Amino acid sequence: QVQLVESGGGLVQAGDSLRLSCAASGRPFSNYAMAWFRQAPGKEREFVARIYWSGGTTSYAASVKGRFTISRDNAKNTVYLQMNSLKPEDTAVYYCALRYYSSSAVDYWGQGTQVTVSS
């Protein structure tokens with residue numbers, strides 16, 4: 001079993017920055033990717049960013065590219081999401097997710113952390 005614990009959410013103003021963290025624990029880790037998703041009220045959960053643990057290849061949703069940066073600390077089994085130039089439309093619950101390469105869908109989800117951006 002894998003546990004994912006997010007932290008770092010909060011209330012900020014438009015233009016501000018926040019850094020989310022997601023610490024993973026449990027089973028030994030290999031051959032997986034970690035990602036951030038978000039879900040705004042009344043909307044579907046959407047992909048934000050992904051990083052592959054080996055090699056560190058990243059990908060981003062078009063809506064956040066150039067403003068958000070996903071990174072990892074292998075020694076701490078932690079993934080980060082640095083969010084700059086935040087906009088009110090970034091307001092959502094942000095979820096951390098882990099998917100093994102052999103899986104076709106997310107294997108584990110975190111509990112979510114709220115990010116609210118005021119205008």
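Q: Let's start inside: which residues in the largest nonpolar core touch the most other members?
A: Keep in mind this is a predicted model. The largest nonpolar core has 31 residues, and the ones touching the most other members are Leu 4, Met 34, Trp 36, Val 79, Leu 81, Met 83 and Tyr 94.

Q: And which elements give two or more residues to this core?
A: Those would be β1 (2–7), β3 (18–26), β4 (32–39), β5 (46–52), β7 (68–73), β8 (78–83), β9 (92–100) and β11 (113–118).

Q: Which one gives the most?
A: That's β9, with 5 residues in this core. As general background, nonpolar side chains tend to be buried together in soluble globular proteins.

Q: OK, cysteines. How many disulfides does the structure hold?
A: There is 1 disulfide. Cys 22 and Cys 96 form it, with their sulfur atoms 2.1 Å apart.

Q: Where do those two sit in the chain?
A: Cys 22 is in strand β3 and Cys 96 is in strand β9. They are 74 residues apart, so the pair links distant parts of the chain.

Q: Switching to charges: how many salt bridges turn up in the whole structure?
A: The search finds 3 salt bridges. Arg 38, Glu 46, Arg 67 and Asp 90 are linked in a network of them.

Q: Nice, which residue does Glu 46 pair with?
A: Glu 46 forms a salt bridge with Arg 38, where the closest N and O atoms are 2.6 Å apart. Glu 46 is partly exposed at 36% relative accessibility, whereas Arg 38 is buried with a relative accessible area of 5%.

Q: What about Arg 38 and Asp 90, where are they in the chain?
A: Arg 38 is in strand β4, and Asp 90 is in the loop between β8 and β9, 52 residues apart. Their side chains meet in a salt bridge at 2.9 Å, N to O. Asp 90 is buried too, with a relative accessible area of 0%.

Q: And how far apart are the closest N and O atoms of Arg 67 and Asp 90?
A: They are 2.8 Å apart in that salt bridge. Arg 67 lies in the loop between β6 (58–60) and β7, and Asp 90 in the loop between β8 and β9, so the pair ties together parts that are 23 residues apart in sequence. Arg 67 is buried, with a relative accessible area of 11%.

Q: Zooming out, how many helices and strands are there in the protein chain?
A: The protein chain has 0 helices and 11 strands.

Q: How does the radius of gyration look against a compact globule?
A: It agrees: with 119 residues, a compact globule would have a radius of gyration near 14 Å, and the protein chain has 14 Å. The C-alpha trace spans about 40 × 25 × 25 Å along its principal axes.

Q: Last one: what percentage of the residues is buried?
A: Buried residues make up 41% of the 119 in the protein chain. The accessible surface comes to about 6100 Å², and 47% of that belongs to carbon and sulfur atoms.

Note on methods: Residues are numbered from 1 along each chain as its sequence is written. This is a predicted model: local features need pLDDT of at least 70, side-chain atom pairs count only at pLDDT 80 or more; totals for chains, interfaces and linings use all residues. Side-chain values use heavy atoms; hydrogens and water are left out. A nonpolar core is a set of buried Ala, Val, Leu, Ile, Met, Phe, Trp, Tyr and Cys residues joined through side-chain atoms within 4.5 Å. Buried means under 20% relative accessible area, exposed over 50%, partly exposed in between (1.4 Å probe, protein chains only). Helices (H or I, at least four residues) and strands (E, at least two) are DSSP runs, numbered from the N terminus. A disulfide is a pair of cysteine sulfur atoms within 2.5 Å. A salt bridge is a side-chain nitrogen of Lys or Arg within 4 Å of a carboxyl oxygen of Asp or Glu. The radius of gyration is taken over C-alpha atoms; the globule rule is 2.2 Å times the number of residues to the power 0.38. Accessible areas come from the Shrake-Rupley method with a 1.4 Å probe; for residues, only the protein chains shown count as cover.
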